[in-house]
Amino acid sequence: MDDTEATVVNEHNDRSITIKTADEIAIMHRANQIVSGVLALLESEIREGVSTLELDKIAETFCRDHHALPAFKGYKGYPASLCASVNEEVVHGIPSHKKILRNGDIISLDFGALLDGFYGDAAITVGVGDVDPKTSLLLQVTHTSLLKGIEQVMVGNRISDISRAIQSYAEGKGFSVVRQFVGHGIGARLHEPPEVPNYVQRQASPRMIEGMVLAIEPMINLGAAKVKILHDQWTVVTADRKPSAHFEHSVAVTCSGPLILSERASLL
């Protein structure tokens, strides 16, 4: 493989899936380590009384202090650096000084960083104080479903193998899988082909090739799968207003299996 980003033609004749070189994956690993550093810091700051705007400021400061740009800020007009989604908010919750964390809440923290032309992207969901048992189980199942999906990241497997692993585990535990929002490829663009659904679609999906990088991100609901977008045109909530959890890793496809670029390796 040469030192320029390549594209791949899969059986769908799709030339838009980019294949990254080892050097590019190394940059993405550094970007994702900044993301994981942000998320670790934010997790340590989660407590009753904190506003989501405070969390946004912490995230952006850490990112810029490590010579990266917050990837979401200004992306398609998004007004913040962090997506902070509380309780029934699934994704894209806009930080606000009016949104104060309370005991028993859960908050999904989704952050991206741009470093040397390449993106990192990851998310976690964290409980605030005493979270009820059903919601705690939702967090555990969503995180485990992410790990089950990552296990399927192997050369020759299909994207649908990731989808099937996530869906079968989450639904097997009695939870529902969001359909309207999915994972994605990532690289020199924040969102690239292929889509990585968290449920199995009818049509055949691309096979994984060494050098693909995927942002795998199950969004799992305590109640029904249906979601809606609020009037701010960003915040996605569950239609039944029951809690939702979201976990995400950026993962490279290698001949030796999945390489989790956003897995926390060391303190920056």
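Arg 241 lies in the loop between strand S14 (236-238) and strand S15 (244-246), where helices (H or I, at least four residues) and strands (E, at least two) are DSSP runs numbered from the N terminus. The residue has a positive phi of about 65° although it is not a glycine, and Arg 241 is partly exposed, with a relative accessible area of 41%; buried here means under 20% relative accessible area, exposed over 50%, and partly exposed in between, with a 1.4 Å probe and protein chains only. The model is predicted, so that local features need pLDDT of at least 70 and side-chain atom pairs count only at pLDDT 80 or more, whereas totals for chains, interfaces and linings use all residues. Residues are numbered from 1 along each chain as its sequence is written, and side-chain values use heavy atoms, with hydrogens and water left out.

The mean pLDDT of the chain, the predictor's confidence in each residue on a scale from 0 to 100, is 94, and 93% of the residues reach 70 or more. Over residues 1-13 pLDDT stays under 50, and for this segment the model has 40 contacts beyond four places in sequence, a contact being heavy atoms within 4.5 Å.

Asn 87, in the loop between strand S4 (82-86) and strand S5 (89-91), has a positive phi of about 60° although it is not a glycine, and Asn 87 is buried, with a relative accessible area of 17%. The peptide bond from Pro 193 to Pro 194 is cis, with omega near 5°, and Pro 194 belongs to strand S10 (residues 192-196).

The axes of H1 and helix H2 (residues 52-65) come within 9 Å and cross at roughly 145°, axes being lines fitted to C-alpha atoms, for helices over the stretch in contact, with angles running from 0 to 180 degrees between N-to-C directions. In this pair, Ile 34, Gly 37, Val 38, Leu 41, Leu 42 and Glu 45 of H1 meet Leu 55, Ile 58, Ala 59, Phe 62 and Cys 63 of H2.

For helix H3 (residues 133-151) and helix H4 (residues 159-172), the axes come within 8 Å and cross at roughly 150°, which makes H3 roughly antiparallel to H4, a term applied to angles over 145 degrees. The contact is made by Val 141, Thr 144, Ser 145, Lys 148 and Gly 149 of H3 and by Ile 162, Ala 165, Ile 166, Tyr 169 and Ala 170 of H4. Ser 145 is buried, with a relative accessible area of 0%, and touches Ile 166, Tyr 169, Pro 218 and Ile 220, residues up to four places away in sequence not being counted.

Glu 217 occupies the loop between strand S11 (213-216) and strand S12 (219-221) and is buried, with a relative accessible area of 7%. Beyond four places in sequence, the residues touched by Glu 217 include Asp 110, His 184, Asn 198 and His 246. Glu 217 and Asn 198 are 19 residues apart in sequence and 7.6 Å apart in space, C-alpha to C-alpha.

Technical notes: Angles under 35 degrees count as roughly parallel, over 145 as roughly antiparallel, 65 to 115 as roughly perpendicular and the rest as oblique.
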